[in-house]
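Keep the sequence and the model open while you read.

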Amino acid sequence: MHSARPKVTLVLPMAFPISSEWRVLLNEKPSAFEGVSGAKHSPVRSGSCGRPPITIDIPAESACMSEPDYDKQVREALPELTRIQDEELRARVHTAWVDALDASGYDDVRDVPWWPPNRDVVGEQQHVKHVRDVTMIASRLADTLADCRDLSLDRDLILAGALGHDISKPLELSPDGVTEFGQLVPHPYAAVHILASAGLSAEVQHIALSHSPQTAVTPQNIEAHVVALADEAAIHALSVDAIGSIQTDLF
Ligand SMILES: [Fe+2]
């Protein structure tokens, strides 16, 4: 797993019955725990078994942890999902995100980086924050276009496409770089696969496929153009914010 799970603290009360194996492990003497990495003990107190309470921090890899609640994480991290009017479309985008996280090495969606190779330029950036930036920019751009030109834009499609345009990044990115999968199936081809697997339409897949110059596919409708422009603007804003100018090779 990419993200560090917290240690689990096991407290053995004074009267806790211990087996012979535990007696060997704990050496049954309070002084035996002093200086042992990851183990602490309380001052000696008298008890029914003559042993003080013991607190042991179990390393993450040894701990039996509950599975991450990706459903909840996605709901909380991407509140813009609720703005998709079509219930089925909203559910499918949500499912696609859960599937992507489930297939990744991340326990927490907030730990997925935006693009580690750009860290030297823009610092530590959260993937979900970028996705929210793009979704909000695309949404407002669509509203403005509709006001200016009385256009009929599919706002649900724009929201679904913006929320899903980088959905492959949990699989493509480790905390420090691009995974082997990401190198073999570059962004955003994997996004198309994830979106299609969740039953999302060719129009939503097209937005993911055409938003990035890493493919030869260019936006073929106004909704895809809006998301591609929003993505570009969001990335440029990061660059300007970090170094005061636009660095064009970020993505
Ligand atoms: Fe993006």
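## About the model

This is a predicted model, in which local features need pLDDT of at least 70, side-chain atom pairs count only at pLDDT 80 or more, and totals for chains, interfaces and linings use all residues. Residues are numbered from 1 along each chain as its sequence is written.

## Helix α6 against helix α11

Helix α6 (residues 155-164) packs on helix α11 (residues 222-243) at an angle of about 40°, and their axes are 9 Å apart. That makes α6 oblique to α11 (angles under 35 degrees are roughly parallel, over 145 roughly antiparallel, 65 to 115 roughly perpendicular, and the rest oblique). Helices here are DSSP runs of H or I with at least four residues, numbered from the N terminus. Axes are lines fitted to C-alpha atoms over the stretch in contact, with angles from 0 to 180 degrees between N-to-C directions.

From α6, Leu 157, Ile 158, Gly 161 and Ala 162 meet Glu 223, Ala 224, Val 226, Val 227 and Ala 230 of α11. By class, this contact of α6 with α11 has 7 nonpolar, 1 polar and 1 charged residues (Ala, Val, Leu, Ile, Met, Phe, Trp, Tyr, Cys and Pro count as nonpolar, Asp, Glu, Lys and Arg as charged, and the others, Gly among them, as polar).

## Helix α5 against helix α11

The axes of α5 and α11 come within 8 Å and cross at roughly 125°. These two helices are therefore oblique to each other. Among the contacting residues are His 130, Asp 133 and Ala 138 of α5, with Val 226, Val 227 and Asp 231 of α11. By class, the contact of α5 with α11 has 11 nonpolar, 1 polar and 2 charged residues.

## The nonpolar core

Which residues touch the most other members of the largest nonpolar core? Of its 50 residues, they are Ala 96, Ala 138, Leu 195 and Val 227. Such a core is a set of buried Ala, Val, Leu, Ile, Met, Phe, Trp, Tyr and Cys residues joined through C-beta atoms within 7 Å. Helix α11 gives the most to this core, with 8 residues.

Leaving aside neighbours within four places in sequence, Ala 138 is in contact (C-beta atoms, placed from the backbone, within 7 Å) with Ile 158, Ala 162, Val 226, Val 227 and Ala 230.

## Pro 170

Pro 170 lies in helix α7 (residues 169-172). With 26 C-beta neighbours inside 10 Å, Pro 170 counts as buried (20 or more other C-beta atoms within 10 Å; 12 or fewer is exposed, and in between is partly exposed). Not counting residues up to four places away in sequence, Pro 170 touches Ala 100, Leu 101, Ser 104, Tyr 106 and Val 112. Pro 170 and Ala 103 are 67 residues apart in sequence and 8.3 Å apart in space, C-alpha to C-alpha.

How values were computed:
Contact = placed C-beta atoms within 7 Å.
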